[in-house]
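Biologist: I'm new to this one. Can you walk me through it?
Modeller: Here it is.
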Amino acid sequence: MSALFAALTTRSVGAFTAASVARTAGPALTTTTVRHMSNGPMPYDDDKMPFYALGTNLALQVGGQGNFKTLLEDDELEIVLEAFCENLRGTNTQDARTVLTTYGPTLNKILGERTEGIVERVKKDGAEFIENFLDCNEEAVKTDSGLVYYPMKEGDGKQPTITSTVEVHYHGTLTDGTVFDSSVDRGQTISFPLGGVIKGWQEGLALMKEGGKATLVVPSDLAYGDAGSGDVIPPGATLKFEVELFKVS
């Protein structure tokens with residue numbers, strides 16, 4: 001449920017400064033929702049895989065925070081990896097603080113310009129998806145906030161409010177069909193306070209009753225905005241959820 005509960009925060013690309021060197025402490029290992037990958041053999045023996053896990057964790061934290069795979073060209077990413085390895089090994093020939101002080105502002109400008117362009121494109125794609133969804137589903141309605149609500153099965157039980165706790169099944173996808181979170185795939189329903197999730201869910205589930213099922217198409221300003229969520233939900237993304245409401249308490 002990490003994709004729903006993650007707090008909506010504004011991340012600034014202006015984080016690449018000399019001060020960041022002093023903050024480089026070993027963070028606790030974290031988990032995140034990831035794409036479905038192969039279950040084949042691990043690249044190393046079990047005695048070496050913990051160190052591979054450390055590298056994986058660092059990549060998820062740094063890559064997820066900055067969405068670098070969409071912001072950087074392949075040759076630029078190679079330079080990033082070169083600098084990372086040199087500074088990690090202590091083989092760098094330039095003082096880290098000097099590099100960040102000198103080139104950090106330029107980096108922030110480059111990333112800011114690229115991020116803005118990507119976000120606007122993603123938002124435009126989301127708006128087109130919503131219009132197509134409304135055209136293809138006559139019973140779908142668009143609320144004043146921009147949420148699209150499409151009833152798939154009407155319920156006849158209790159109707160939740162913002163203070164309710166709800167038990168649901170849900171299947172969340174991006175507009176291209178990529179699954180980013182799904183209790184259905186995990187085979188287990190989940191309960192949570194409705195007041196603790198994204199605004200699109202708060203509004204959408206309040207339109208449902210126990211026993212009902214609906215599709216919610218949530219524009220970015222009712223989801224995770226320009227920040228996105230980790231490595232799974234891009235900045236500015238419109239989200240689609242199929243939600244089945246089992247219990248309201």
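Modeller: One term to begin with: buried means under 20% relative accessible area, exposed over 50%, and partly exposed in between (1.4 Å probe, protein chains only). This is a predicted model, where local features need pLDDT of at least 70, side-chain atom pairs count only at pLDDT 80 or more, and totals for chains, interfaces and linings use all residues. Residues are numbered from 1 along each chain as its sequence is written, and side-chain values use heavy atoms, with hydrogens and water left out.
Biologist: How many salt bridges does a search of the whole structure find?
Modeller: Five. A salt bridge here is a side-chain nitrogen of Lys or Arg within 4 Å of a carboxyl oxygen of Asp or Glu.
Biologist: What does K142 form a salt bridge with?
Modeller: With E131; the closest N and O atoms are 3.8 Å apart. K142 is in strand β1 (residues 141-142) and E131 in helix α6, 11 residues apart. Helices (H or I, at least four residues) and strands (E, at least two) are DSSP runs, numbered from the N terminus.
Biologist: Is E131 buried or partly exposed?
Modeller: Partly exposed, because its relative accessibility is 39%.
Biologist: And R186, what is its partner?
Modeller: D181, with the closest N and O atoms 2.9 Å apart. R186 is partly exposed at 47%, whereas D181 is buried at 3%.
Biologist: New topic. Where does T173 lie?
Modeller: In strand β3, residues 165-174. T173 counts as buried because its relative accessibility is 11%.
Biologist: Which residues does T173 touch?
Modeller: Leaving out residues up to four places away in sequence, T178, V179, F180, L239 and K240. Contact means heavy atoms within 4.5 Å.
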